[in-house]
Amino acid sequence: MEERRELILHEAATRLGINKMTVIRLIRDGILPGRQICAGAPYVIREEDLDRPTVRRAIRNGRAVSSDARQQKLPFQ
């Protein structure tokens, strides 16, 4: 995939300096374009999409956190 400048999930996460689940949330939220050929197949992300301003802004502003209403915040002690 290198010749097509495409990355798989863990490569994109490493380049962005974030967790793989954060990359999946960015994809599911429509912030980072990524695709799977079928369920269970690896995500494929174009290298140039990592530099999109919306992706960088989401990571910087913390939007990459799940929007699931069931998720609760725990106080830091």
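When I say that a residue is buried, I mean that its relative accessible area is under 20%. Bear in mind that this is a predicted model.

Start with helix α2, which runs over residues 20-28. Which of its residues are buried? They are Thr-22, Val-23, Ile-24, Leu-26 and Ile-27. As for what they pack against, the buried residues of α2 meet α1, residues 9-16, along with β2, residues 44-46, and α3, residues 53-61.

Now the two ends. At the start of α2, Asn-19 has a side-chain oxygen within 2.7 Å of the backbone nitrogen of Met-21. After α2 comes Gly-30, and its phi is positive, near 80°.

Next, the pairing with α1. The axes of α1 and α2 come within 8 Å of each other, crossing at roughly 100°, so α1 is roughly perpendicular to α2. On the α1 side, the contact is made by Leu-9, His-10, Ala-12, Ala-13 and Leu-16; on the α2 side, by Lys-20, Val-23 and Ile-24. By type, the residues of this contact are 6 nonpolar, 1 polar and 1 charged. Val-23 and Ile-24, then, are on the buried list and also take part in the contact with α1.

Last, the loop between β2 and α3, where Asp-49 is found. Is Asp-49 buried or exposed? Its relative accessible area is 4%, and the cut-off for buried is under 20%, so Asp-49 counts as buried. What is Asp-49 in contact with, leaving aside neighbours within four places in sequence? Those residues are Leu-32, Pro-33 and Val-55.

Terms used. Residues are numbered from 1 along each chain as its sequence is written. This is a predicted model: local features need pLDDT of at least 70, side-chain atom pairs count only at pLDDT 80 or more; totals for chains, interfaces and linings use all residues. Side-chain values use heavy atoms; hydrogens and water are left out. Buried means under 20% relative accessible area, exposed over 50%, partly exposed in between (1.4 Å probe, protein chains only). Helices (H or I, at least four residues) and strands (E, at least two) are DSSP runs, numbered from the N terminus. Contact means heavy atoms within 4.5 Å. A polar contact is a pair of N or O atoms within 3.5 Å; within protein, one must be able to donate a hydrogen and the other to accept it, and residues adjacent in sequence count only if both atoms are side-chain atoms. Axes are lines fitted to C-alpha atoms, for helices over the stretch in contact, and angles run from 0 to 180 degrees between N-to-C directions. Angles under 35 degrees count as roughly parallel, over 145 as roughly antiparallel, 65 to 115 as roughly perpendicular and the rest as oblique. Ala, Val, Leu, Ile, Met, Phe, Trp, Tyr, Cys and Pro count as nonpolar, Asp, Glu, Lys and Arg as charged, and the others, Gly among them, as polar.
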